Amino acid sequence: MLAYSTYSEAGGVGKTTTAANLAVAHARAGLKPLVVPLDPQDGDLSRLFGVDDQRTESVDNIVRHMIRRPKGEFGELIRTVEGVDIVPEHNMLSDLAEYLQREKDQSEAMGEAFGIHAQLLRVLREAGVPDEYDVLICDPPATEGPHLYNAINATRSLVIPVEPSAKGEAAVEGLEELVSGFEEQLDVQVGVLAAIPIGFKNTRDQRSILEGIDYPVPEVVGERASLMEGCWMQQCSAFEYVREHRDRRRDYEIETLAKFDRLARHLEAEVGVDAPNPPEPGDVDHEVMTV
């Protein structure tokens with residue numbers, strides 16, 4: 001199974017839209033992806049896909065499963081949009097650290113071990129996710145804490161959107177230290193599958209920043225604010241937005257979709273996952289064949 005977390009130290013770089021569009025790109029090729037977003041903020045992946053309608057209600061959610069208080073089976077949490085299975089975010093994520101610490105204290109009082117940063121991994125394994133799915137994508141917040149650490153512990157790999165600016169360059173320079181810190185904190189090996197420059201305008205400074213990235217850069221995405229804003233407004237992926245909500249198909253937007261398709265193929269190849277029905281990159285009318 002291909003598993004990765006989308007991560008960026010800088011906000012507003014397109015981390016969530018990258019996760020969403022990659023998930024759809026995997027699904028378009030006939031793979032079965034599961035997305036587990038863990039961001040407690042309102043502008044999250046669940047909202048992007050329009051599955052956040054129960055986030056304030058007293059319903060079963062991923063946090064209850066992580067603290068061993070589920071109200072039902074894991075599979076009952078899942079919503080499916082554009083061929084992608086999603087575990088919707090819930091407002092309980094805002095207090096995840098407190099819930100996990102309370103459960104840890106109670107477990108240790110009973111002489112039981114409870115790893116705060118291993119609970120998402122436990123939930124996914126117990127639900128049979130590695131056997132049922134081809135791809136797992138976690139979309140945690142950028143801030144360090146149990147959301148991020150649980151995501152990285154569950155996936156062990158990162159896909160990192162990068163802003164090609166001075167701020168982004170500083171983040172890139174700190175990537176190696178960042179990854180080492182994750183490995184030390186979690187006691188696991190963490191790999192970087194790809195760094196993805198977002199908002200590239202091909203300036204001299206930006207080209208210099210790209211040359212300084214020591215991780216694989218399989219694709220470079222240009223400035224596509226209008227396309228991504230449209231995705232948020234219509235609550236869909238860029239593929240769906242171009243296919244259903246654009247009055248005409250713009251070549252530069254089709255090329256952006258092609259980049260997500262090619263990036264998905266690159267990530268799959270990194271771990272030896274073969275997509276059964278890969279589309280021609282950027283073909284928005286490709287018929288999805290699920291396995």
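Trainee: Why does Gln235 count as partly exposed?

Mentor: Its relative accessibility is 32%. Buried means under 20% relative accessible area, exposed means over 50%, and partly exposed is in between (1.4 Å probe, protein chains only). Gln235 at 32% therefore counts as partly exposed.

Trainee: What should I know about the model and its numbering?

Mentor: This is a predicted model, in which local features need pLDDT of at least 70, side-chain atom pairs count only at pLDDT 80 or more, and totals for chains, interfaces and linings use all residues. Residues are numbered from 1 along each chain as its sequence is written, and side-chain values use heavy atoms, with hydrogens and water left out.

Trainee: Where does Gln235 lie?

Mentor: Gln235 is in the loop between α11 (225-234) and α12 (238-244). Helices (H or I, at least four residues) and strands (E, at least two) are DSSP runs, numbered from the N terminus.

Trainee: What is the phi of Arg156, and where is its place?

Mentor: Phi of Arg156 is near 65 degrees, a positive value in a residue other than glycine. Arg156 sits in the loop between α7 (146-155) and β6 (157-162).

Trainee: Is Arg156 buried, exposed or partly exposed, and why?

Mentor: Arg156 has 29% relative accessibility, so it counts as partly exposed.

Trainee: How do you know that the span of α9 agrees with its number of residues?

Mentor: The expected span is 1.5 Å times one less than the number of residues. Helix α9 (residues 175-186) has twelve residues, so it should span 16 Å. Its end C-alpha atoms are 16 Å apart, which agrees.

Trainee: Which residues of α9 are buried?

Mentor: Leu175, Leu178, Val179, Phe182 and Leu186 are the buried residues of α9. They cover an arc of only 95 degrees around the axis, so they lie on the same side of α9. The arc is that of the directions from the helix axis to the C-beta atoms. On the other side of α9, Glu176, Glu177 and Glu184 are exposed. Asp187 follows α9, with a positive phi near 60 degrees.

Trainee: What makes the buried residues of α11 lie on one side?

Mentor: Leu227, Met228, Gly230 and Cys231 are the buried residues of α11. Their arc is only 155 degrees around the axis, which puts them on the same side of α11.

Trainee: Why is Met233 called exposed?

Mentor: Met233 has a relative accessible area of 69%, so it is exposed. Met233 is in helix α11. The C-alpha atoms of Met233 and Leu48 are separated by 8.2 Å, though the two are 185 residues apart along the chain.

Trainee: Which elements do the buried residues of α5 pack against?

Mentor: The buried residues of helix α5 (residues 119-126) are Gln119, Leu120, Leu121, Val123 and Leu124. They pack against β2 (33-37), α3 (62-66), α4 (96-109), α6 (129-132), β5 (135-139) and α7. Just after α5, Gly128 takes a positive phi of about 75 degrees.

Trainee: Which residues does Arg69 touch?

Mentor: Arg69 touches Arg64, Glu103 and Gln106, not counting residues up to four places away in sequence. Contact means heavy atoms within 4.5 Å. The C-alpha atoms of Arg69 and Glu103, 34 residues apart along the chain, are separated by 9.9 Å. Arg69 lies in the loop between α3 and β3 (79-81). At 35% relative accessibility, Arg69 therefore counts as partly exposed.

Trainee: What volume does the largest pocket have, and which residues lie nearest its centre?

Mentor: About 680 Å³ of space lies in the largest pocket. On a 1 Å grid over the protein atoms alone, a pocket is an open set of points where a 1.4 Å probe fits, with protein on both sides within 12 Å along at least five of seven lines; lining residues have an atom within 4 Å of a point. The largest pocket is lined by 31 residues, and Gly12, Val13, Gly14, Lys15 and Thr17 lie nearest its centre.

Trainee: Which residues are closest to the centre of the second largest pocket?

Mentor: The second largest pocket has a volume of about 190 Å³. Of the 16 residues that line it, the closest to its centre are Gln54, Val59, Asp60, Leu77 and Pro88.

Note on methods: Points joined across faces, edges and corners; volume = space filled by probe spheres on them.
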